[in-house]
Amino acid sequence: MIKLLGIMSISLFIQACTATPPPSTSGYVPRSSTMSTPSYSTDRIKQKREAEFAQKLIAIQQRNPVRDAHNLASQGNKYLWAYQSGRGGSTKAPGLTRQQLTNLRGCSLVQLKGMGDVIYGDNHLKYRVAARNYAKQFNLAILPYCR
């Protein structure tokens with residue numbers, strides 16, 4: 001009797017693992033039968049991020065880093081722009097030497113956005129160059145306030 005129950009349990013388990021569900025009327029269409037790219041595809045993510053960085057590029061090009069630094073310092077808001085150089089790399093602050101960064105007092109570090117390992121396209125690359133240039137001028141302008 002126990003052997004029979006064991007065999008029946010195993011056969012039901014195997015049958016359940018190989019069974020296919022009945023067709024659904026929920027409107028679900030398998031991915032292979034759709035022609036559009038799903039919203040989570042890498043191409044859509046790249047396109048979306050590229051559009052975002054195109055807007056950020058325009059915004060950063062319209063700013064004045066020296067004026068921004070002096071305005072923030074006069075309000076007591078003193079920080080330097082920095083980023084990580086690669087995975088597990090060192091912290092870099094554009095315009096500052098390693099020694100200046102090590103001896104820094106009175107200013108915190110704020111991470112530049114968009115400086116990760118992935119470059120989504122031309123707009124992102126242009127933004128990264130513009131962001132580093134902005135950060136360099138900003139950091140040099142605010143550095144006297146950090147002592």
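Q: Which residues does His124 touch, leaving out those up to four places away in sequence?
A: In this predicted model, His124 touches Glu50, Phe53, Gly114, Val118 and Ile119, with residues up to four places away in sequence not counted; a contact here requires heavy atoms within 4.5 Å. His124 itself lies in helix α5.

Q: Why is His124 called buried?
A: The relative accessibility of His124 is 1%, and buried means under 20% relative accessible area, so His124 counts as buried.

Q: What makes Tyr120 partly exposed?
A: Tyr120 has a relative accessible area of 24%, and because partly exposed covers what falls between the buried limit of under 20% and the exposed limit of over 50%, Tyr120 belongs to that class. Tyr120 is placed in the loop between β3 (108-111) and α5.

Q: Why does Leu125 count as partly exposed?
A: Leu125, placed in helix α5 (residues 122-142), has 41% relative accessibility; the class runs between under 20% for buried and over 50% for exposed, and therefore Leu125 counts as partly exposed.

Q: Why is Asn139 called buried?
A: Asn139, which lies in helix α5, has a relative accessible area of 0%, and since buried means under 20%, Asn139 is buried.

Q: How do you know that Asn139 has a polar atom within polar-contact distance of Trp81?
A: A polar atom of the Asn139 side chain lies 2.9 Å from the backbone nitrogen of Trp81, and the limit for a polar contact is 3.5 Å. Trp81 is also listed among the residues that Asn139 touches, together with Leu80, Ala93, Pro94 and Leu96, not counting residues up to four places away in sequence.

Q: How many helices and strands does the protein have, and in what order do they run?
A: There are five helices and three strands, running α-α-α-β-β-α-β-α from the N terminus on.

Notes. Residues are numbered from 1 along each chain as its sequence is written. This is a predicted model: local features need pLDDT of at least 70, side-chain atom pairs count only at pLDDT 80 or more; totals for chains, interfaces and linings use all residues. Side-chain values use heavy atoms; hydrogens and water are left out. Helices (H or I, at least four residues) and strands (E, at least two) are DSSP runs, numbered from the N terminus. Buried means under 20% relative accessible area, exposed over 50%, partly exposed in between (1.4 Å probe, protein chains only). A polar contact is a pair of N or O atoms within 3.5 Å; within protein, one must be able to donate a hydrogen and the other to accept it, and residues adjacent in sequence count only if both atoms are side-chain atoms.
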